[in-house]
Amino acid sequence: MKIPLSYNIRNLWARRLTTSLTVSGIALVVFVFAAVLMLAQGIQDTMVATGSNDNVIILRKGTSGEMMSAVSRDQIGIISSFAEVAQMNDGKPFASSDVVTIINLRKKKTNDMGNIIVRGVTPSSFALRPQVKITEGRWFQQGSAEIVIGNKIHDQFENVDIGQQIRIGTKLWTVVGVYDAGKTGFASELWADADNIMLEFNRSTTFSSYTFKLKDVQDYEVIKTKLETEQRLQDLDVKREQDFYLEQSKGMATFIKALGLVITIIFSFGAMIGAMITMYAAVANRTVEIGTLRALGFQRNSILTAFLLEALALSMIGGILGLILASFMQFVSFSTTNFGTFSELAFGFSLSIRIVISTLFFSLMMGVIGGFLPAVRASRMNIINALRAS
Amino acid sequence: MSTLVEVKSVTKVYKRDTLEIPVLQNISLDVPEGEFLALMGPSGSGKTTLLNLISGIDQPTSGSILVAGTDIAKLNESALAKWRSRNIGFVFQFYNLLPVLTAYENVELPLLLTNLSKKEKKERVEAVLSVVGLADRMDHSPRQLSGGQQQRVAIARAVVTDPTLLIGDEPTGDLDRKSAEEILTLLGRLNSEFKKTIIMVTHDPHAAGSAHKIQHLDKGELTSQ
């Protein structure tokens with residue numbers, strides 16, 4: 001006992017101006033909603049892509065990031081002897097002992113200073129992180145004051161071209177190459193020789209972290225147990241590299257989501273009131289039609305469903321339009337300070353199926369809430385009064 | 001001829017706040033099957049109210065209304081809607097077509113409440129549009145049709161489910177004389193050729209003249225036959 005959907009769609013078309021204004025309002029709110037989710041997703045995607053599922057990272061217990069962590073050479077020696085650590089062809093562990101510090105660089109666009117991670121890496125680091133590829137110049141030479149720049153830093157900061165010098169600690173370091181690290185956090189870093197960086201910062205015996213590849217992904221629990229039982233490793237913590245980077249993005253992603261959703265919810269009230277006004281006007285304009293349909297034998301719930309579907313169609317069109325607009329944000333990328341690491345992170349807007357579903361659900365909810373009361377009003381109309389409206 | 005509509009001691013009182021307005025007082029009326037009845041009377045006499053009660057879009061304050069043996073005063077709202085869809089065909093003064101639907105879709109509307117197949121619906125709609133002489137206009141929207149043509153579409157919509165009773169509320173009230181004549185001829189044909197029982201409210205004595213029988217109402221009471 002359904003009123004054909006074409007009746008509702010054609011009515012929306014018949015009131016094109018009102019329909020397009022309402023749809024625009026909904027589309028704008030949906031755009032903001034989707035953009036916020038895409039931004040939070042973008043941060044998470046960037047950080048998650050930085051890590052690999054078969055890598056594990058060792059940090060000092062209780063530290064939230066590499067900056068505050070310390071892992072001694074002795075401890076690294078013990079861990080690298082574990083049978084679960086994958087080995088390269090030359091028999092050396094498939095691992096990287098990293099030392100991490102932060103320097104300030106000036107942004108090209110805003111002239112503001114930004115915190116940039118300088119990662120001192122060991123030679124095996126390049127094999128461990130195959131996504132990092134030199135695109136201009138060359139890699140730094142071990143033992144020299146040379147540095148390579150992540151492409152995102154190269155794009156957005158001043159004085160980081162090949163041949164230019166950057167002050168790190170007491171020395172000036174020469175930029176010798178630019179690397180591409182895809183959509184990972186490494187693209188927002190500077191890389192140099194670990195020993196040289198340690199020397200500069202007077203920390204010759206401790207690294208910030210130790211990352212290695214597992215021989216078998218399933219060995220994670222074995223490594224974890226070993227670390228917990230080995231007396232000399234009691235102050236260390238082990239995490240899957242991907243989980244570690246996900247944690248690093250959580251604070252920032254949650255902040256963006258919370259702030260964005262609060263703004264969106266406030267906006268959505270406006271859009272819902274817009275939809276409600278449109279639907280009340282539709283009901284008022286079609287009072288005689290409602291009376292006629294009821295007289296012909298259509299039940300109250302058929303009328304309710306028809307008007308609710310009309311509001312849903314309105315919000316769905318707005319939702320799809322907002323989503324299409326938001327999808328263009330995927331071409332935009334920028335950098336800001338990640339709260340998790342207090343350092344600059346370049347990231348983009350990332351659209352996922354989950355965001356598409358959430359956004360469409362959100363827009364449909366606006367339609368349901370905005371359309372419900374007018375639909376109830378339509379369904380409760382007295383037939384005789386409705387027919388008399390002619 | 002057996003009695004199709006039996007109105008027994010029907011009273012209708014409207015309430016406005018504490019004020020009670022009696023509209024129909026102790027009305028009794030029998031309409032035999034196959035009848036073409038015209039209800040006449042001045043404005044406010046209660047003729048449309050009586051029509052609304054017989055067609056099941058309003059309920060009497062007291063009394064009973066039996067249509068083809070069903071006491072419709074005892075049906076709840078949902079059952080009454082179902083009953084209307086099967087038993088009543090409406091023809092309104094201002095046609096009440098849905099402007100965004102084509103003539104075909106308007107006529108098809110009551111069939112959406114039936115279990116007929118798509119093919120059967122199509123056959124029925126095309127058949128009744130042929131009867132009213134608008135087979136070539138089925139894809140036209142109401143605004144592309146004249147008043148007389150719109151009323152013919154409305155009549156097609158009223159008869160497409162083959163209802164027990166055809167109800168006309170001033171069906172010629174908005175039409176010029178020529179179109180009104182065509183509509184009255186069509187109603188007469190539906191009555192004589194297709195054996196439809198028709199109850200029609202009208203102000204127009206000429207329109208009432210098309211009916212077999214005229215009932216007058218005044219101040220909520222039947223005055224003459």
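**A quick tour of chain B**

Okay, let's start with a pair of strands: in chain B, strand 4, which covers residues 62-67, lines up antiparallel with strand 5 through two bridges. Keep in mind that what we're looking at is a predicted model. If you want to find that pairing on screen, go to B:L66, whose bridge partner in strand 5 of chain B is B:D71.

Now, helix 1 of chain B, residues 47-55, packs on the sheet here. Which strands does helix 1 of chain B touch? Those are strand 1 (3-16), strand 2 and strand 4 of chain B. The helix direction makes about 120 degrees with that of strand 1 of chain B.

A bit of background: strands in a sheet pair through backbone hydrogen bonds, and they do it either parallel or antiparallel. Our sheet in chain B is an open one with four strands, in the order 2-1-4-5, and the pairing is antiparallel. At the edges sit strand 2 (19-32) and strand 5 (70-71) of chain B, each pairing on one side only.

Let's zoom out. Chain B has seven helices and 10 strands. Its radius of gyration is 17 Å, close to the 17 Å from the globule rule for 225 residues, so chain B is as compact as a globular protein of that length. The C-alpha trace of chain B spans about 50 × 40 × 40 Å along its principal axes.

And the inside? Of the 225 residues in chain B, 54% are buried.

Notes:
Residues are numbered from 1 along each chain as its sequence is written. Chains are lettered from A and ligands numbered from 1 in the order in which they are written. This is a predicted model: local features need pLDDT of at least 70, side-chain atom pairs count only at pLDDT 80 or more; totals for chains, interfaces and linings use all residues. Side-chain values use heavy atoms; hydrogens and water are left out. Two strands pair if DSSP finds at least two bridges between them. Contact means heavy atoms within 4.5 Å. Axes are lines fitted to C-alpha atoms, for helices over the stretch in contact, and angles run from 0 to 180 degrees between N-to-C directions. The radius of gyration is taken over C-alpha atoms; the globule rule is 2.2 Å times the number of residues to the power 0.38. Buried means under 20% relative accessible area, exposed over 50%, partly exposed in between (1.4 Å probe, protein chains only).
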